[in-house]
Amino acid sequence: MVDVTLKVGGAAGQGVQTVSEVLSLILARHGYYVFSIEDYQSRIRGGHTFTLLRVAEQWVSGGKGALDILVCLDEATYHLHRGEVKAGGVILGKTGNEAPGEDVRLLPLDFEGVALRLGNRVFANMVATGAVLAILGIGLEEAREYVRETFARKGPEIVAKNEEALEEGTRLVEASGLSSSPFLGGHQNPSRVSRRYLISGNEALGLGALLAGCTFYSAYPMTPSTGILNFLASRAEAYGLIVEQAEDEIAAINMAIGASYAGARAMTGTSGGGFCLMCEGLGLAAMTETPIVVIDAQRPGPSTGLPTRTAQGDLLFVLHASHDEFPRFVFAPRDPQEALNTVIRAFNLAEKYQVPAIILSDQYLADTRWSYDRLSCEERPIRPSLSWDGASPYRRYALTPDGISPRLFPGGEALVVADSDEHDERGHLTEDLALRKAMQEKRMRKLEVMRKEMRLPFVLEGKDATLIGWGSTWGVLLEVRKALGQKGKSIGVVHFSDLYPLPEGLRDFLKRFPNPVVVEQNFSGQLATLLEQETLLPFPKRICRYDGLPFLVEELVEQVAEVL
Amino acid sequence: MTVATLFDAHDVEIAWCPGCGNFGILQALKETLDELGYRPQDVVVVSGIGQAAKAPHYLRVNVFNGLHGRSIPVAFAIKAIRPELLVIAESGDGCMYGEGGNHLLHAIRRNPDITVLVHNNQVYGLTKGQASPTSGEGFRSKAQPWGNLSRPLNPLSLAISQGAGLVARAFAGDKEGLKGILKEALNFRGFALVDILQPCVTFNPVNTYAWYRERVYYLGEDHNPEDQIAAFQKSLEWGDRIPLGVFYRNPQPTYEMKVEGRAKKRRNLFEEEEFQRVLQEEFAQFL
């Protein structure tokens, strides 16, 4: 079975992402499953950036550390990563003086030099793409089509030059003899009937919002959430959305709340630092019972932390964010496919219970591209349930048995009054403390009905141990289970996407899994702590990664083997 | 004389001090809305926190009484989604110029068709007497026993320098004059800022009704509100003579005009067929 890992590295601004995106697209169109992870620095030019790209015949859901192919757009890439290339592998591009590992072939290629001969440095990306495709054994047909699609607007000369660059890259590899036993040779799907879908977490979150009927998105740019803003902006004119770049995250969440009050389905997105600024607004949504969806794409902190790296350090924070107590939903989708559905669910549940719904993403989920045979969308947006029995005055915050009061938008016959102060049933501010007590109880009553909406975790059984995780680690947990399975270990996976309120019956549910090991991308094991609090079961075995990098398959296999 | 209006709220207890400048502003606003022919259900008044920010509760309108300093982003979004509604953001100087100063700047840039009413009493009332962004230098309070070390913000100069849609100053002690200015501001298409001088009878012993009455005057025919430089120069006048009226008027396309076509493009995703169409169009983008 073909399962090839390649890394494209270079300085920021050199086109690492372009090369890897083009390769991913072409390989997916050839029917391969692709999984690509972005690693980049918080800068525009220079430094070091790379993409890890896994290409396989079977569906893959995690990245591997051992490389078959290393593509060096600069010499630093060679120095930093040559040791990761395994026996039988190839290093191409700008190589250095140090020897590579044993049985690793070197192909020094001057992509930029070739590009300059073609007339412009910018063609270097296509030279590199052509060279990699030749090493993989993929013909240029799809690549040419891509070039024609992408550069048509720039005129026939640019298209021709890019095609020439692809051919030149291929020729260089052929001349070296390295293309004689291509990595994917003989395995490609020539009929191309089964193109794969290719989608990143940020694209899926944006698409989910679009399908949920989101008509208002306000955000302040912040890595790694900015892709959602870009996605929705790209659809704004076609679908009639209002997408506004706010002056800060405080404005962003207040805008979303205002839009929702006025009748829009509204969302805002940010990362942990921006979420900190949104906390007061989160409480405003709760107090005025205005539905909103907030996406927190996590990155390591505290404070500015590592802006472009990944983490799952905000779970306990978002669970408690903003002062005093109020009900909220917290979700953490496991992959782009689920993210699509999660956003629609979050909108629907926020609407139904008139509460904020928080979606936890992270840099890993945001930027990683997954491939699928098909995309599906099981969720459907629900209509807002507006109700008023005509009794005067309209009581926006009527004290009801389940805590959910009749909601209306302004502009109709009834006046709609919302207040961040404690308020009476009509919405006017009050300091009647008995009423305050009744209002707090009304809001908190919703939590128990909300809990019934929450789903139990995803489960794969195993006899030797059970890996417990949440959010973006799902895919790598599946890969680890498979890898350890091949070594004769029976490993289960219990994975949470619905995090708050935790579903009913969780204690009895979790009891049955042997030898639980909680795997998280934070320092202390926040899910483990939450589960201990909620179920009173102990979760002492915790594998925590907090260096900003995602779990890769081989390393996690070793770490799990150690705690077994 | 107090006139009954469609906008009178009858079942609320007003939490302002007797004699507060806020009463004059409240009455003028109710009468203005009535005279302009609005219905209560067509009006949304958004406020922040502070004594002035309680004003919407004393009106018969749609109300969004949000967070301290944050009325403008809420008002902006309501107008963007429901351009047919009249949207007013109303709060005090601490709320609009202090906590929410950044939002004011950026709302001027966006130019939504909203009217911002600032009850400017040059002091924090609800927290009992501290200096506000518009308090004079040397203003003494328990928090500034040595006297305010900062210079006061000039909201008019700020807004005029940034090319705001309409910039005006009014005085709470002259109802008819205030109503005239409110009418101009509410009728103006675009971002309108009305800074309303409001005596605080409890915590501001300096800027009293009498103090203002000795100083205020209305801009005359000789002032051209279309002239940004002249408006800016006028906005610097403060002291023995304090001008009132519309200082600056800069009609330009509003935010809502710029996104006007979008509402029609919204798809009805609650209908399965339409949902499927959008789903298939979008999924195809990822193949």
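Some ground rules come first. Residues are numbered from 1 along each chain as its sequence is written, and chains are lettered from A and ligands numbered from 1 in the order in which they are written. Because the model is predicted, local features need pLDDT of at least 70 and side-chain atom pairs count only at pLDDT 80 or more, while totals for chains, interfaces and linings use all residues.

Start where the chains meet. In all, 50 residues of chain A are in contact with 44 residues of chain B. Contact here means that the C-beta atoms of two residues, placed from the backbone, lie within 7 Å. Several elements of chain A each supply at least two residues to the side that touches chain B: strand 7 (197–200), helix 7 (201–211), helix 8 (226–239), helix 9 (249–262), helix 10 (272–287) and strand 15 (417–419). Helices (H or I, at least four residues) and strands (E, at least two) are DSSP runs, numbered from the N terminus. Helix 9 of chain A gives the most, with nine residues. By class, this side of chain A has 30 nonpolar, eleven polar and nine charged residues. Ala, Val, Leu, Ile, Met, Phe, Trp, Tyr, Cys and Pro count as nonpolar, Asp, Glu, Lys and Arg as charged, and the others, Gly among them, as polar.

Now follow strand 15 of chain A. It pairs with strand 2 (residues 62–65) of chain B in the parallel sense, over three bridges. Two strands pair if DSSP finds at least two bridges between them. One bridge links Val417(A) to Val63(B). Strands of a sheet pair through backbone hydrogen bonds, either parallel or antiparallel.

This pairing belongs to an open sheet of nine strands, in the order 15(A)-2(B)-1(B)-3(B)-4(B)-6(B)-5(B)-8(B)-7(B), with mixed pairing. Strand 15 of chain A and strand 7 (216–218) of chain B stand at the edges; each has a single partner strand, so one side of each is left without a neighbour in the sheet. Neighbouring strands are turned by 20 degrees against each other on average, direction ignored. Within this sheet, strand 1 (residues 43–47) and strand 3 (residues 86–92) of chain B run parallel and are joined by five bridges. Val44(B) has Val87(B) as its bridge partner in strand 3 of chain B. Helix 2 (residues 71–81) of chain B packs on the sheet and touches strands 1, 2, 3 and 4 (115–120) of chain B, with its direction at about 175 degrees to that of strand 3 of chain B. Such angles run from 0 to 180 degrees between N-to-C directions, and axes are lines fitted to C-alpha atoms, for helices over the stretch in contact.

Chain A has an open sheet of seven strands, in the order 9-8-10-11-13-12-19, with mixed pairing. Strand 9 (242–245) and strand 19 (498–500) of chain A are at the edges, each with a single partner strand, so one side of each is left without a neighbour in the sheet. Strand 12 (residues 329–331) of chain A pairs with strand 19 of chain A in the antiparallel sense, over two bridges. Here Val330(A) stands opposite Tyr500(A). Helix 8 of chain A lies across strand 8 (216–219), strand 9, strand 10 (266–270) and strand 11 (292–298) of chain A, at about 135 degrees to strand 9 of chain A.

How do two helices from the chain contact sit together? Helix 9 and helix 10 of chain A pack at an angle of about 30 degrees, with their axes 8 Å apart. That makes helix 9 of chain A roughly parallel to helix 10 of chain A, since angles under 35 degrees count as roughly parallel, over 145 as roughly antiparallel, 65 to 115 as roughly perpendicular and the rest as oblique. By class, their contact has eight nonpolar, three polar and one charged residues.

Finish with the backbone. Most residues other than glycine have a negative phi, and most peptide bonds are trans. A cis peptide bond joins Gly301(A) and Pro302(A), with omega about 0 degrees. Pro302(A) lies in the loop between strand 11 and helix 11 (315–320) of chain A. The bond from Tyr500(A) to Pro501(A) is also cis, with omega near -5 degrees. Asn515(A) is not a glycine, yet has a positive phi of about 45 degrees.
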